[in-house]
Amino acid sequence: MKKLFVLITVLITLSLLGIILLQVSWLKNNVILREDQVRQKIDNAIKSVALELIQYKAQYATPYSGFYDNNLLLFNRGLHEMSRLNTLFAKMNQDSLYKKIRRSFNNSGLEELNFEFALILNTSMPKDPVETQSPGYKQASQDTIHNYSPGLALIAVPSGSTFENLSQDESLSVIALNYKKIVMKSLTGSILLAILFTLVIIAAFFVTVYTMLRQKKLGEIKNDFINNMTHEFKTPIATISLAVDALKNEKVLSDKTKMSYFSGIIKEENQRMNKQVEAILKASQFEKQEVELDKGPLHVHEIIKLIVDKFLLQLQEKNGKAELSLNASNDLIRADEVHFTNLVNNLVDNAVKYSKDHVPILLKITSQNINGRLILRFEDNGIGMSKETQKRVFEKFYRAHTGNLHNVKGFGLGLNYVKSVTQSHGGSIKVESTLGKGSTFVLEFPLDTGDKG
């Protein structure tokens, strides 16, 4: 069973890791694809604005009226002057150029993408070729990780045009700023869905493993319960069997005293078995919420005193005592007398069962009123509990390990029953314990307000 559990856990873990890796791979590929698509849109937007600027440059070029000037020097100087005047820089201000690029980006579905730009003169002259640039162009050109620049877009009058030789070639440089941010924004929905789907799978994995562990633990508890039940029933059955055999003896049959003695043993052991069966049935009924409580006004102090008196002989056998500090001015609650009596009985019985060897039992029971509630404390100087035991002490069938499987009799139902009764009366219970020093059970109950709830 253990090997099967490990195998299933390993297989589920590998499946989970495989699904997560596939999700990550899918997201990476999706990001790369979207980046390519955005870059393609940027390229197309810049090409579109470049074509528009070429048409603008050809359409609005300034003709030179001195083409037929006989002075060659003046003619060449005139051509140079005309080429200087027939540039976008000379005919279009920076704001107009920005608007054209912005409109082209918007038409390409890049409304949220910001950019920087520069207009560059294609010249071999030893001067700065940049005719104009936006304020952040220089800084943006240095960040090649987050920004994207497809290169220079040539702005030249088409070959064969009337103004071909009257205009200098220029280039447009556009830098798309932080374009990956747009990519991630467009994939936000897909990323969130992928993360959600992965979290659901991880949650399902942990729920599956938790369920398997719980089933494994329940299996162990069931086996322990069967072992304990077998041991608890085996002793009285064996005793009854011996008593029955003794009753068949002629000497016993003729002696009324011995008959009464062995009959009494059979009755006591039968009652003991009945109590054990009732404990199991009560625990089952509370778990299924099938118990009908007969609630009524109940003075808690009276019940505590009654139970302590019942255990007086057992305490004296171990040189022990019970100290009562019942200081609550109001001890009246609405409770089922039978079940509440059993609750107190179980807590006192636990203090006796789990006492230290050769150490006198000291059981302190206190009561007080806080914020309209009754607070009860059952404090003993017994063997105490470990942190692990404290976490599980109220579980059904759980029994604290004491080094000897059967040195403390019972099915591990006592404290589970106590918790069920406490909660069914609208109360709460917690345990405070130190291993080797003792345990304290703290119970809170609402006081009786006179309502018939």
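## Close-up views of a predicted model

**View 1. Tyr148 and Tyr179 are both buried.** These views come from a predicted model. The rings of Tyr148 and Tyr179 form a tilted aromatic pair. Their centres are 5.7 Å apart, with 50° between the planes. The pair links distant parts of the chain, 31 residues apart. Tyr148 sits in the loop between helix H5 (137-142) and strand S3 (152-155). Tyr179 belongs to helix H6 (residues 179-186).

**View 2. Tyr98 and Phe115 belong to a cluster of rings.** The structure holds nine aromatic pairs. One of them joins Tyr98 and Phe115 in a stacked arrangement, 5.2 Å centre to centre and 25° between the planes. This pair also links distant parts of the chain: Tyr98 lies in helix H4 (residues 94-107), Phe115 in strand S1 (residues 115-121), 17 residues apart. Are the two partners buried or exposed? Tyr98 is partly exposed, at 34% relative accessibility. Phe115 has a relative accessible area of 6%, so Phe115 counts as buried. Ring pairs also bring Phe105 and Phe117 into the cluster.

**View 3. A salt bridge joins Lys185 and Glu112.** The structure holds 11 salt bridges. In this one, the N to O distance is 3.2 Å. Why does the pair tie together parts that are 73 residues apart in sequence? Because Lys185 lies in helix H6, while Glu112 lies in the loop between H4 and S1. Lys185 is exposed, with a relative accessible area of 54%. Glu112 is exposed as well, at 53%.

**View 4. Glu444 and Arg373 meet in a salt bridge between strands.** Their side chains come to 3.2 Å, N to O. Glu444 lies in strand S11 (residues 438-446) and Arg373 in strand S9 (residues 373-379). The two residues are 71 residues apart, and the pair links distant parts of the chain. Glu444 is partly exposed, with a relative accessible area of 29%. Arg373 is partly exposed too, at 24%. Elsewhere, salt bridges with shared partners join Glu35, Asp36 and Arg39 into one network.

**View 5. Lys321 and Glu323 form a salt bridge.** The N to O distance here is 3.4 Å. Lys321 is partly exposed, with a relative accessible area of 46%. Glu323 is partly exposed, at 33%.

**View 6. Strands S5 and S7 pair in the antiparallel sense.** Five bridges connect S5 (residues 295-299) with S7. Which residue of S7 is the bridge partner of Leu298? The partner is Ile333. Strand S7 (residues 332-336) is mostly covered, with four of its five residues buried.

**View 7. Val174 is buried in strand S4.** The strand covers residues 170-176. Val174 has a relative accessible area of 1%. Pro150 is 24 residues away along the chain, and the C-alpha atoms of Val174 and Pro150 are separated by 7.6 Å.

**View 8. A nonpolar patch lies on the surface.** Leu4, Val6, Leu7, Ile8, Val10, Leu11, Leu14 and Leu17 form the patch. Together these residues have about 690 Å² of accessible area. Leu11 lies in helix H1 (residues 2-59). Leu11 is partly exposed, with a relative accessible area of 48%.

**View 9. Residues 191-213 carry a UniProt annotation.** The unreviewed entry labels this stretch "transmembrane region". In the model, the chain here is 100% helix and 0% strand. The end C-alpha atoms are 33 Å apart.

Key. Residues are numbered from 1 along each chain as its sequence is written. This is a predicted model: local features need pLDDT of at least 70, side-chain atom pairs count only at pLDDT 80 or more; totals for chains, interfaces and linings use all residues. Side-chain values use heavy atoms; hydrogens and water are left out. UniProt positions are given in the numbering used here, feature names are shortened, and annotations may be inferred rather than shown by experiment. Patches are made of residues with over 30% relative accessible area and no salt bridge: like charges are joined within 9 Å, nonpolar side chains (Val, Leu, Ile, Met, Phe, Trp, Tyr) within 5 Å. Accessible areas come from the Shrake-Rupley method with a 1.4 Å probe; for residues, only the protein chains shown count as cover. A salt bridge is a side-chain nitrogen of Lys or Arg within 4 Å of a carboxyl oxygen of Asp or Glu. Buried means under 20% relative accessible area, exposed over 50%, partly exposed in between (1.4 Å probe, protein chains only). Rings of Phe, Tyr and Trp (its six-membered ring) pair if their centres lie within 6.5 Å; planes under 30 degrees apart count as stacked, over 60 as edge-to-face and the rest as tilted. Two strands pair if DSSP finds at least two bridges between them.
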